[in-house]
Every structure is written in C-alpha cells, then in structure tokens.
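Have the coordinates open and try each one before reading on.

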Amino acid sequence: MRKGNAVQALVVAACIGMFLVLLMGATVTQTDSGRGCGDDWPLCNGRFVPDYTITSIIEYSHRLVSGIVGLLILAAAIAVYLRVPRRAARWYAGLALFFTILQAGLGAAQVMNPQSDAILALHFGISLLAFTLTLLTVTSVRAYFRGERPDAWAKPVTGGFRWSVWLITLYSYLVVYTGAYTSHTDSGGGCAGFPLCNGQFVPDALEGATAVAFTHRSAAYLLFALVLALALYAWRAYESRRDIANGAMWSLVLVVLQVLSGGLLMALSGTDSYVLGTLLHTMIISVLFAVLSYLSITVWQANRATRR
C-alpha cells in the first residue's frame, strides 16, 4: 500500500507540475519574455544566474520549473512501469514523457533559432498534450490501486456518440491552436467588444489581426454549440452512466466558463490585469481539453467492452 501511495503521490506531483509549466509558458508569451535570456540555452545570457530584469527572470524561471517537472515526469514514468502493470497507465506515462521531451526540444530550438508564430502556437499544444497525459496517468494509476477494472463498469455506447466525442475532442485541440496562434501573433485586439467582433457578426475588414481573432472567436463559439449538444444528448441517453454524464456536464460548464473568460479578456484589454485574464483563459481550456480526452477514453473503453 505504501508503494501505491508513493506512486500516486509522484504522478499527482508530475501532473500539477505540468499544469504549472503550462501557465508559466503562457506568462512568457503574454509578457513577451521569450527572448529574456537571449539566444543562450540552457544558460541565460551566458550565465547560470540571470540578470535581474523582469523578462529574464520570467523566462529563466520557466526553464527552471520545466526542467524540474521534466525530471518529475521521468521519475513518474519509471515508477509506473515498475509498479503499475496496467497497460493504459504505462502508455499514458510514456507518452507524457515523450511530449515533455518534445516540448523541451522545441523550446530550446526557439531560443537558439527563432521559429514562426505557427510553430510557437504548436509549442503550447504539445504542452497541453503532456499535461493531459499526466492527468490520464493519475486517473489510471488511482483506478489500479483501488482495484477498479477498466471495463468492469462499462456499458455499450453507440458508434455515433463515440465518434462525436472523439471529433469534438479533436476539434477542441484545433480551437486551442487558433487561440495560441492569436496570442503569439498578438492579434487579440483585432476583435474589439464581446460577443460581437468590432460590433458586427462578420467584420467588414476581415484581414490581418481581425481575421485571426475572428477565426478563433468563431471556432470557440462553435465548440460551445457542439459541447452543449453533446451534453444534452449524454444526459438524455446515458443518464445511468455517471462517468459519461458527469464528463459531459463538466465539459459544458468549462466551455461556458471559457467563452465568458474570453469576454473578460476583452474587458481587461489594455489594463495591468490582462495577463491574469489570459492565465485564467489558459487554465480553463487546458482542463476542458483534459476532460474531453478523459471522456474519449471512457467511450473507447465502452467500445472495447461491447466487442467482448
């Protein structure tokens, strides 16, 4: 039991740490601190201890925490492979480690050879995958030590519902990418006001920052509609499946909060609190994607049970 508690504590610490890395990465972007350490990596402007400037401290602290969390995720993956024979948990832990290493590699490449905004936006998406996989590792490891069998409670779901969950989860990742791209291109101000863009359903001058911001905002509204439809159907068709019904409910709550936090960003635009608003926005979309991913795994397990 003690070994089980230690493994669970380790994977939870890795998950919390990866969530912190996500937020710190968003802070680096919003404060334009990506070049705070010049083109040196892993040192900061050629020094172990950076200069006492805001940008260098933000960038270097992000690197430091990312390094510590990377070691935590490595330790968690080793512990899972040694102590948890469940195949799913090992896959989650291994993939979390893979995406963490990939994220670090992209970060180093960006410092030494600046990348395009499109690649920088992908950097956040990879961090999001790493966080989601650490969270799935936590749920799988906990289920193992509690003696739960993955398919013991699973009941069949329709193929249409399964594909709906999977496609909405994939689409939510694309929405995340458009949001990250909007942030990296500093296009958030292209759509003033909320919920309309510059007071119009479709802006007349749909180009540049306005086009980028409008694309992300439209994609977010569509995600809200899709999650709403999914939740209403899940409550009606799978009321007896608490795992599915609760997952759909939390997805709806989070997507509503995500849209509202987007409106809050517009209200905070140009103020000192804008960075805090972006961090809230990042937190909500990260948890939303993780919940949808968990729901995707749940319906997949039900699919496996159906084939048996």
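**Exercise 1.** Does W163 count as buried or exposed, and at what relative accessibility?

*Solution.* Two notes before we start. Residues are numbered from 1 along each chain as its sequence is written, and the model is predicted, so local features need pLDDT of at least 70, side-chain atom pairs count only at pLDDT 80 or more, and totals for chains, interfaces and linings use all residues. Side-chain values use heavy atoms, with hydrogens and water left out.

Now the cut-offs: buried is under 20% relative accessible area, exposed is over 50%, and partly exposed lies in between (1.4 Å probe, protein chains only). W163 comes out at 52%, so it counts as exposed. W166, at 24%, counts as partly exposed.

**Exercise 2.** Work out how the rings of W163 and W166 are arranged.

*Solution.* Rings of Phe, Tyr and Trp (its six-membered ring) pair if their centres lie within 6.5 Å; planes under 30 degrees apart are stacked, over 60 edge-to-face, the rest tilted. There are 8 aromatic pairs in the structure. For W163 and W166, the centres are 5.2 Å apart and the planes make 75°, so the pair is edge-to-face. Both sit in helix α5 (residues 159-184), 3 residues apart, about one helical turn. Helices here are DSSP runs (H or I, at least four residues), numbered from the N terminus.

**Exercise 3.** Find the salt bridges (side-chain nitrogen of Lys or Arg within 4 Å of a carboxyl oxygen of Asp or Glu).

*Solution.* The whole structure has 2. E59 meets R63 at 2.9 Å, N to O, and both are buried. D243 and R241 come to 2.7 Å; both are buried too.

Key:
Helices (H or I, at least four residues) and strands (E, at least two) are DSSP runs, numbered from the N terminus.
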